[in-house]
Amino acid sequence: MTPQADALIKANFPNLQDEEYEVTSPQTREYNCIAWAAGDTENWWWPSVDDHWPDGVPRVNTVNNFILAFQRLGYEVCDDGDFEAQYEKVALYANANGPQHMAKQLGSGAWTSKLGPEWDIQHLTAQAVECSIYGEVVLYLRRPRTSGQE
């Protein structure tokens, strides 16, 4: 990663100035953070008519609709983002305009995010990517981890 890319990431995500992170993919516009959290690297997920969204879930940007979308994938709302080896967890971030970002927890307990059309990064805490653009973590969801899942 170039120093310019590092500076751009840290400027947009001030919490990463104090927390280690690692870029884990090249830039791509093939998928976004919601797709990344859902395990889909071939579609751009968003509740709009032009993007991928689960059938039957309203295409309106609300926390409840994101919950419904991820329930279709076997997730349920849970209390926190604490690591539980038997569960895969995702975090939903929102600001005053509604949901803006999702991150997923890895088998190591660290978190991973897709930064819009930019890079995937690995970060230590879910709070590392809280910012004015994404807002704050508003809830966590979990589903049982399958064998061999990172």
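Close-up 1. The model is predicted: local features need pLDDT of at least 70, side-chain atom pairs count only at pLDDT 80 or more, and totals for chains, interfaces and linings use all residues. Residues are numbered from 1 along each chain as its sequence is written, and side-chain values use heavy atoms, with hydrogens and water left out. The side chain of R143 reaches the backbone oxygen of L73 at 2.8 Å.

**Close-up 2. T112 is a buried residue of strand β5.** T112 lies in β5, which covers residues 111-114. Its relative accessible area is 2%, so T112 is classed as buried. The T112 side chain makes a polar contact with the side chain of W36 at 3.0 Å. A polar contact is a pair of N or O atoms within 3.5 Å; within protein, one must be able to donate a hydrogen and the other to accept it, and residues adjacent in sequence count only if both atoms are side-chain atoms. The side chain of T112 also reaches the backbone oxygen of I121, at 3.1 Å. Not counting residues up to four places away in sequence, T112 touches W36, A103, K104, L106, I121, Q122 and H123, where contact means heavy atoms within 4.5 Å.

**Close-up 3. Strand β5 pairs with β4 and with β6.** β4 (residues 98-105) and β5 pair in the antiparallel sense over three bridges; two strands pair if DSSP finds at least two bridges between them. Q105 has W111 of β5 as its bridge partner. Five residues lie between the strands of the β4 and β5 hairpin, where G109 takes a positive phi near 100°. The pairing of β5 with β6 (residues 120-123) is antiparallel over four bridges. In β6, Q122 is the bridge partner of T112, and I121 stands opposite S113. The hairpin of β5 and β6 has five residues between its strands, and G116 in the turn has a positive phi of about 55°. Both faces of β5 are covered, with W111 and S113 buried on one side and T112 and K114 buried on the other.

**Close-up 4. β6 also pairs with strand β1.** β1 (residues 21-23) and β6 pair in the antiparallel sense over three bridges. V23 has I121 of β6 as its bridge partner.

**Close-up 5. Helix α3 has buried residues that pack against several elements.** The helix spans residues 63-71, and N65, F66, I67, A69 and F70 are buried in it. The buried residues of α3 pack against α2 (33-38), β2 (76-78), β3 (87-95), β4 and β7 (136-144).

**Close-up 6. R59 sits in the loop between α2 and α3.** With a relative accessible area of 35%, R59 is partly exposed. R59 and P47 are 12 residues apart in sequence, and their C-alpha atoms are 4.1 Å apart in space. Leaving aside neighbours within four places in sequence, R59 is in contact with W46, P47, S48, V49, D51, H52 and W53. The side chain of R59 reaches the backbone oxygen of D51 at 2.9 Å.

**Close-up 7. The structure holds zero disulfides.** C78 is in no disulfide, and the nearest cysteine sulfur, that of C33, is 18 Å away. A disulfide is a pair of cysteine sulfur atoms within 2.5 Å. C131 is likewise in no disulfide; the cysteine sulfur nearest to C131 is that of C33, 11 Å away. C78 has a relative accessible area of 13% and so counts as buried. C131 is buried as well, at 11% relative accessibility.

Definitions and conventions. Helices (H or I, at least four residues) and strands (E, at least two) are DSSP runs, numbered from the N terminus. Buried means under 20% relative accessible area, exposed over 50%, partly exposed in between (1.4 Å probe, protein chains only).
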